[in-house]
Amino acid sequence: MGDFNVALVIVAAVVSVLVLLVSVYLLINYQHPDDANQAYFPKLVVILGITVAVLSILMLPADVANRQACRRAIYSGACSLTLPMKTLWLAVYIADAVLVFLIIPFAIFYYEGDQDKSVGKRLTSALLWVTVSAVVCGLILGILYGLVGKVDFTVRHLSSAVETFPNSFTSFTSGQPCISTSPRLCSSYTAPANSQTTWTMRATFPEYVVALATIAGSVLFTIFGGVGIASLPLGLIFSFVRRPKAVITRSQYIKEATELGKKARELKKAAEALHQEERSGNKGRKWRKNVKALGKELVLLEDDMKALEEMYPQGEQAEATWAMTVLGYIGKLLFGVIGLIVSIAWVAHIVIYLLINPPLSSFLNEIFIKLDGVWGLLGTAAFAFFCFYLLIAVIAGEMMLGLKLVFITIHPMKWGGTLMNSFLFNVGLILLCSISVIQFCATAFAYYAQATAAQEIFGHTLQSLRGIKYLYKYNVFQYGFVALAILTLFYYAIFGWRKRKPSGRFQISN
């Protein structure tokens, strides 16, 4: 058993190194050419953020494997070499909170600072903004922790007198389950409902920080995750439905390219006008609204350009390019169908296991347990896949709402064309929502992940915190998640099959 525990530690170390290498690979391939040899500090933050986010998702399956490492231990010291999961959970999520609320905002403020200023002034400005934010957040956290940073556990007070141990157990029946016929000696078994009481204890400050960060992430998770769980697979499927059916003619290509060129010139003039307003100091609410609207139009223009290139491939390998385009859309259909099955399974599991009391079935929990019976890590791998899928759905939901609603800033991730501010924003979103994804998975798969350190933190302490517990008691986030998933399904059923119409010329509002 000890050898198995040592192997688990080695696997955890190897996986951590692999995750770090993958983070570097994603940064290198997604970064914009303009950031190739600069912005080293934001790049370091991006690598650290991606690593922490991925490891936090992988820690829940690791927690389950860690529990299984000494489940059948024969001697009491068999678990001494297992991973200290509770300490690791708190360390990872404190690092998560520091990255989201301090380091990433500092990196964004520094990166987006006025390029005409010196490095020292940009650092000072970014540090000032982050310091003010940290002081405000620290005061809020300290006040809340001092006032309501307590955990209220509902317990039942049981008591019984002492009775001589019997020599025979034949007298015990369902009507007489206790040793003595005296009601007083059977009070532990027949305790009335009014014997329940509340046991209050103060939560540790790290646990309280994780709890509040989870609440903040749960709001975003409910909105983006509920929309994304439906839009992710349906978007891929309807992308196949709206695919270009054949290559267009050269005259059609020239006509469409001319229209896109006109729109590009209009957007360039709009960008120059907004830049002029920024230099004059006119950066009010209308200016910010126009900047976001311009960003939306730029994203849509790039999508139109990509679609036009797909419909009219050029060069010596034009036929091969068209064949790869067709295969790409077939791949989207395949992954869309698989994703739709996973999304339906997720929503069905939430309804069956979380929203109906008592649960109709443990559903996915039982599936994971049976998969573990087939092969030791098969259920754990499936468990990790469902957690990762939920996190990807959050990103898909954010991108969809960003394109539909002007007041949400769009930060698209593009292969070989992602600026560091967009990278930092999306990494911050992933980090913030990853806490809620883990908490949500720990609750949804409570039967499979029982007796783990995550279950202790997210399944007991968090759901018993004073003032917060009612959000979990009445399943507020689960109901919101399912409701938004159903609304998104209806949206795609009505509008998803239609091709997007041109949005018209971009206008600068006065």
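Predicted model: local features only at pLDDT ≥ 70, side-chain atom pairs only at ≥ 80, totals over all residues.
Q: What makes up the chain in terms of helices and strands?
A: The chain has 14 helices and two strands. Of its 510 residues, 40% count as buried. Among contacts between residues at least 6 apart in sequence, 82% join residues at least 24 apart.

Q: Why is threonine 222 called buried?
A: Its relative accessible area is 9%, and buried means under 20%. The value of 9% falls under that cut-off, so threonine 222 counts as buried. Threonine 222 is found in helix H5, which covers residues 205-241.

Q: Which residues does threonine 222 contact, leaving aside neighbours within four places in sequence?
A: They are Phe477, Gly480, Phe481 and Leu484.

Q: What makes the pair of serine 218 and threonine 222 a polar contact?
A: The backbone oxygen of serine 218 lies 2.7 Å from a polar atom of the threonine 222 side chain. A polar contact needs a pair of N or O atoms within 3.5 Å, and 2.7 Å is within that limit.

Q: How do you know that serine 231 is buried?
A: Serine 231 has a relative accessible area of 6%. The cut-off for buried is under 20%, so serine 231 is placed in that class. Serine 231 also lies in helix H5. Not counting residues up to four places away in sequence, serine 231 touches Ala396, Gly397, Met400, Thr488 and Tyr492.

Q: Why are H5 and H11 called roughly perpendicular?
A: The axes of H5 and helix H11 (residues 420-444) cross at roughly 95 degrees. Angles of 65 to 115 degrees count as roughly perpendicular, and therefore H5 and H11 are given that name. The two axes come within 7 Å.

Q: Which residues make the contact of H5 with H11?
A: From H5 the contact takes Val210, Ala213, Thr214, Ala216, Gly217, Ser218, Leu220, Phe221 and Phe224. From H11 it takes Leu429, Leu432, Cys433, Ile435, Ser436, Val437, Gln439 and Phe440. By class, the contact of H5 with H11 has twelve nonpolar, five polar and no charged residues.

Q: Why are H6 and H7 called roughly antiparallel?
A: Helix H6 (residues 250-279) and helix H7 (residues 285-311) pack at an angle of about 160 degrees. An angle over 145 degrees counts as roughly antiparallel, so the term applies to H6 and H7. Their axes are 10 Å apart, and H6 passes H7 in a left-handed crossing.

Q: Which residues of H6 and H7 make the contact?
A: On H6 they include Tyr253, Glu256, Leu260, Lys263 and Leu267. On H7 they include Trp287, Asn290, Leu294, Glu297 and Asp304. The residues of the contact of H6 with H7 divide into 15 nonpolar, one polar and six charged.

Q: What makes the bond between asparagine 357 and proline 358 a cis peptide bond?
A: The omega of the bond that joins asparagine 357 and proline 358 is about 0 degrees. Most peptide bonds are trans. Proline 358 lies in the loop between helix H8 (318-355) and helix H9 (364-374).

Q: Why is phenylalanine 363 called partly exposed?
A: Its relative accessibility is 27%. Buried means under 20% and exposed means over 50%. The value lies in between, so phenylalanine 363 counts as partly exposed.

Q: How do you know that serine 361 is partly exposed?
A: Serine 361 has 34% relative accessibility. Serine 361 is placed in the loop between H8 and H9, and touches Ile352 and Tyr353, not counting residues up to four places away in sequence. A polar atom of the serine 361 side chain lies 3.0 Å from the backbone nitrogen of phenylalanine 363.

Q: Why does asparagine 475 count as buried?
A: Asparagine 475 has 16% relative accessibility, and the cut-off is under 20%, so asparagine 475 counts as buried. Asparagine 475 lies in the loop between helix H13 (469-473) and helix H14 (476-495). Its phi is positive, about 55 degrees, although asparagine 475 is not a glycine.

Terms used:
Residues numbered from 1 in each chain as written. Heavy atoms only, no water. Helix = DSSP H or I, 4+ residues; strand = E, 2+ residues; numbered from the N terminus. Buried < 20%, exposed > 50% of the residue type's maximum accessible area, 1.4 Å probe, protein only. Polar contact = N/O pair within 3.5 Å; in protein donor to acceptor, adjacent residues only side chain to side chain. Contact = heavy atoms within 4.5 Å. Axes fitted to C-alpha atoms, helices over the stretch in contact; angles between N-to-C directions. Parallel < 35°, antiparallel > 145°, perpendicular 65-115°, else oblique. Left-handed = near helix turned anticlockwise from the far one by under 90°. Nonpolar A, V, L, I, M, F, W, Y, C, P; charged D, E, K, R; others polar.
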